[in-house]
Amino acid sequence: MSDYDTFDGRFGSLMIGSAAIERLWTGGRWTEGPVYVPAAKAVIWSDIPEDRVMRYDETNGAVSVFEYPCGYHNGHTLDAYGRVVACEHGGRRVSRLGFDGRWETIVDRFDGKRLNSPNDVAVKSDGSIWFSDPSYGIDSDYEGHAAKSEIGACNVYRHDPQTGETTAVVTSLDRPNGLAFSPDERILYVSNTSLSETPAIHAFRVTEDGRTVGGGRVFAVSDNGVFDGFRIDRAGNIWTSSGDGVRVYAADGTLLGRINIPESVSNLCFGGRKRNRLYITATSSLYAVYVHANPAERPMTCQEMTSQPGNW
Ligand code: MG
């Protein structure tokens with residue numbers, strides 16, 4: 001199997017010909033939710049059925065358990081202050097790792113009812129937290145605790161930490177899963193991993209006030225497995241998980257190329273000192289490869305944080 005397949009000439013400028021795909025670790029059951037934590041020089045990711053969060057130390061290549069039991073974490077991201085935000089199947093909540101080292105609840109209910117099992121999360125530049133809430137963590141005891149859905153639907157929500165308000169922003173997908181904003185935050189991309197609907201990434205127009213979305217359209221359809229988690233680079237390219245590797249789509253919807261991975265890919269993130277290393281969670285393993293791309297989002301610098309204290 002070659003490392004890459006090119007479908008459009010633009011893919012060449014994103015890849016480094018001499019950079020090999022490395023398998024950094026294996027031994028997981030279903031790996032998911034990687035996030036790079038710059039202050040720790042580490043990437044952490046979930047191994048959902050094993051109820052643990054793992055850590056890869058970039059300085060020496062060591063892999064260790066970061067948190068066990070963790071409450072069946074799934075997706076992770078960072079907020080503007082560089083704190084880890086987690087989706088928890090077990091606690092049926094979105095939580096945040098505070099500066100004091102404790103996990104605190106950000107949101108666990110909608111309309112007075114418990115969430116299903118938050119799956120993936122993105123933090124917008126206004127501090128609002130957008131997350132998907134399919135039922136995988138309550139469907140059985142494998143990835144959480146079997147339970148009935150109180151809400152009775154799988155939605156994408158926006159939580160405003162300033163007001164405490166949570167609103168349903170996408171209610172049209174059977175199993176919303178990965179999500180990310182375009183660099184200008186005018187488009188919200190959401191994948192649908194439903195087996196009874198076409199596996200696709202949908203693009204929604206963010207409204208002028210930045211608080212909800214409208215006008216959904218199919219952005220890309222998968223012909224191999226489903227699109228689960230994905231990230232977007234500074235140029236607006238979508239780097240997405242799929243059944244046969246990492247697929248890269250231009251913002252115009254063209255499939256540029258594929259990074260071939262020998263296991264089904266669940267999610268990925270940019271990391272490394274220069275944020276040009278792609279970390280990939282795929283079934284039982286963690287892979288990495290250096291690329292010519294950087295993520296759209298970044299935590300604030302200390303200087304920015306001091307000048308705009310915001311909502312700590
Ligand atoms: Mg997911």
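Let's start at serine 132: leaving aside its neighbours within four places in sequence, this residue is in contact (heavy atoms within 4.5 Å) with Pro118, Asn119, Asp120, Asn155, Val156, Pro176, Asn177 and Leu179. This is a predicted model, where local features need pLDDT of at least 70 and side-chain atom pairs count only at pLDDT 80 or more, while totals for chains, interfaces and linings use all residues. Residues are numbered from 1 along each chain as its sequence is written, and side-chain values use heavy atoms, with hydrogens and water left out.

**Serine 132**
- Serine 132 sits in strand β14 (residues 129–132); strands (E, at least two residues) are DSSP runs, numbered from the N terminus.
- Serine 132 has a relative accessible area of 0%, so it is buried (under 20% relative accessible area, 1.4 Å probe, protein chains only).

- Glutamate 32, in strand β3 (residues 31–37), and aspartate 228, in the loop between β20 (213–221) and β21 (230–232), are 196 residues apart.
- Both glutamate 32 and aspartate 228 are buried.

**The largest nonpolar core**
- This core (buried Ala, Val, Leu, Ile, Met, Phe, Trp, Tyr and Cys residues joined through side-chain atoms within 4.5 Å) has 22 residues, and Trp239, Ile259, Leu278 and Ile280 have the most contacts inside it.
- At least two residues of this core come from each of β23 (245–249), β24 (255–260), β25 (265–271), β26 (277–282) and β27 (285–290).

Notes:
Helices (H or I, at least four residues) and strands (E, at least two) are DSSP runs, numbered from the N terminus. Buried means under 20% relative accessible area, exposed over 50%, partly exposed in between (1.4 Å probe, protein chains only).
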